[in-house]
Amino acid sequence: VQSMIHFKEALRLDPKSSVSYQMLGLVYERQGDFVKSLECLERACSLDPDNEVLKNHIAKIQHKMKKS
């Protein structure tokens with residue numbers, strides 16, 4: 001929860017930080033909130049469209065969502 005507060009604050013200061021969106025997405029994933037995780041990761045990918053790691057992680061979350 002503490003890390004979520006830090007990443008949200010980072011986004012408040014720099015709303016175009018793909019890294020902050022990515023990290024927030026990972027926090028949501030760890031909490032089992034795949035919808036919010038996917039939203040954050042997709043936002044990060046829109047800010048950094050050449051990031052293959054993000055694209056792969058989005059696919060991983062989408063796969064997890066289909067299984068649940």
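The model is predicted, so to speak of local features a pLDDT of at least 70 is needed, side-chain atom pairs count only at pLDDT 80 or more, and totals for chains, interfaces and linings use all residues. Residues are numbered from 1 along each chain as its sequence is written, and side-chain values use heavy atoms, with hydrogens and water left out.

**Exercise 1. Find how α2 and α3 are arranged, and which residues make their contact.**

Step 1. Start with the elements: helices (H or I, at least four residues) and strands (E, at least two) are DSSP runs, numbered from the N terminus.

Step 2. Look at the geometry. The axes of α2 and α3 are 8 Å apart, and the two helices pack at an angle of about 165°. Axes here are lines fitted to C-alpha atoms, for helices over the stretch in contact, and angles run from 0 to 180 degrees between N-to-C directions.

Step 3. Angles under 35 degrees count as roughly parallel, over 145 as roughly antiparallel, 65 to 115 as roughly perpendicular and the rest as oblique. α2 and α3 are therefore roughly antiparallel to each other.

Step 4. α2 passes α3 in a left-handed crossing; a crossing is left-handed if the near helix is turned anticlockwise from the far one by less than a right angle, and right-handed if clockwise.

Step 5. List the partners. Ser18, Tyr21, Gln22, Leu24, Gly25, Tyr28 and Glu29 of α2 make the contact with Phe34, Lys36, Ser37, Cys40, Leu41, Arg43, Ala44 and Leu47 of α3. Contact means heavy atoms within 4.5 Å.

Step 6. Sort them by class. The residues of this contact of α2 with α3 are eight nonpolar, four polar and three charged. Ala, Val, Leu, Ile, Met, Phe, Trp, Tyr, Cys and Pro count as nonpolar, Asp, Glu, Lys and Arg as charged, and the others, Gly among them, as polar.

**Exercise 2. Work out how α4 lies against α3 and against α2.**

Step 1. Take α3 (residues 34-47) and α4 (residues 52-67): their axes come within 10 Å and cross at roughly 160°. α3 and α4 are therefore roughly antiparallel to each other, and α3 passes α4 in a left-handed crossing.

Step 2. Check who meets whom. Among the α3 residues in this contact are Phe34, Leu38, Leu41 and Cys45, and the α4 residues include Leu54, His57, Ile58 and Ile61. The contact of α3 with α4 divides into ten nonpolar, three polar and three charged residues.

Step 3. Now turn to α2 and α4, whose axes come within 12 Å and cross at roughly 25°. That makes α2 roughly parallel to α4, and their crossing is left-handed.

Step 4. Name the residues. Gln22, Leu26 and Glu29 of α2 make the contact with Val53, Leu54, His57, Lys60, Ile61 and Lys64 of α4. By class, the contact of α2 with α4 has four nonpolar, two polar and three charged residues.

**Exercise 3. Classify Met4, Ser18, Ala10 and Lys16 as buried, partly exposed or exposed.**

Step 1. Met4, in helix α1, is buried at 12%. Not counting residues up to four places away in sequence, Met4 touches Leu24, Val27, Tyr28 and Gln31.

Step 2. Ser18, in helix α2, counts as buried at 15%.

Step 3. Ala10, in helix α1 (residues 2-13), counts as partly exposed at 25%.

Step 4. Lys16, in the loop between α1 and α2, counts as exposed at 65%.

Definitions and conventions
Buried means under 20% relative accessible area, exposed over 50%, partly exposed in between (1.4 Å probe, protein chains only).
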